[in-house]
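Subject: Structure for you to look at

Hello,

Here is the structure I said I would pass on. Please open it before reading the notes under it.

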Amino acid sequence: MNNLGNPSRSLKALACGLAAALLGACATAPSEPVSEKLDPDTATTVTILSHPIELLSQNRGKQMDPFAYIAPFETNRMGARDLFLWISTPQAQGQLTQPQVLCDGQPLSLQPLSQDSGAAGARAAGPGDNVAAAGASGAPVKVDLSQLSLSRAPYEAPVPWGTQWYFRLPPDSLKCLVDAEGISLQARAADGGPAQFTTTNGRKSLASLDAFTRR
C-alpha cells in the first residue's frame, strides 16, 4: 500500500522530511564570525566579533586562569564610526598595570579613550573593573561607557575575575592585527603576577579579524 492512499501518512512523512532537512541545515551552517547589535539606550550600532580571540597563558601558575581575550569593536552612531580594542585579562588581585599587545612580536600602538581619562573626578580602577588606560594621573581609571556612546559593554566578561581594558584602535593597528601570524599579550594574571598570553593555531585563530575588516 503506498502513501497516496493514506493522506495522514503522507503528511507525516513530509513533515519528517522537512524537519530532517532543517536540522541538517542548522548542523552545517557555519556561525557568522562578526555580528552587529543595537544599543537601545544610545541608538548606537556596535559591530563585534561573535567570539573574542582567545590567548593561552605561557607561564601558568597554580592560581592563574589560563586564558586572556582580545577583540576589536566598532561603534556607529548616526554615521560617526569609531574603532576600539577590548582586552580581558584574568586578574583578581594585585596592582593594575596596562597590558601590552604584541603584533608578531612588535608592540602595538594603542590610544587611551581620551586625553583626560586621568582627570580630576575620574574613579580609580581595580581588578575586575572596566578599565581605561592610565591618564595624566598615572593610575588606571574606570571606564565611563558613555564616552563610547554605549550604555553597556560590547563584550561580556568571560569570567567574573577578569579585568576589562578599553583602548582606541588606530586603523594601522587593526591592520597589523589582521595581517599578523600571531598575537601576544603581556599582562597581570589572576594571582597578581606577570603573565604572557599568546594565540594558538597561527592564522586560523585570527580569521575572524579579516572578516571584521571586510564586513
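This is a predicted model: local features need pLDDT of at least 70, side-chain atom pairs count only at pLDDT 80 or more; totals for chains, interfaces and linings use all residues.

Residues are numbered from 1 along each chain as its sequence is written, and side-chain values use heavy atoms, with hydrogens and water left out.

The whole chain

The protein chain has three helices and 12 strands (DSSP runs, H or I of at least four residues for helices and E of at least two for strands, numbered from the N terminus). Of its 215 residues, 41% count as buried, meaning under 20% relative accessible area, where over 50% is exposed and in between is partly exposed (1.4 Å probe, protein chains only).

Ser151

Ser151 sits in the loop between strand 9 (141–142) and strand 10 (163–168). Ser151 counts as partly exposed because its relative accessibility is 35%.

Leaving out residues up to four places away in sequence, Ser151 touches Asp39, Asp41, Thr42 and Leu145 (contact means heavy atoms within 4.5 Å). Thr42 is 109 residues from Ser151 in sequence, yet their C-alpha atoms are 6.7 Å apart.

The side chain of Ser151 also makes a polar contact of 3.2 Å with the side chain of Asp41, and another of 3.3 Å with the side chain of Arg152. A polar contact is a pair of N or O atoms within 3.5 Å; within protein, one must be able to donate a hydrogen and the other to accept it, and residues adjacent in sequence count only if both atoms are side-chain atoms.

Regards
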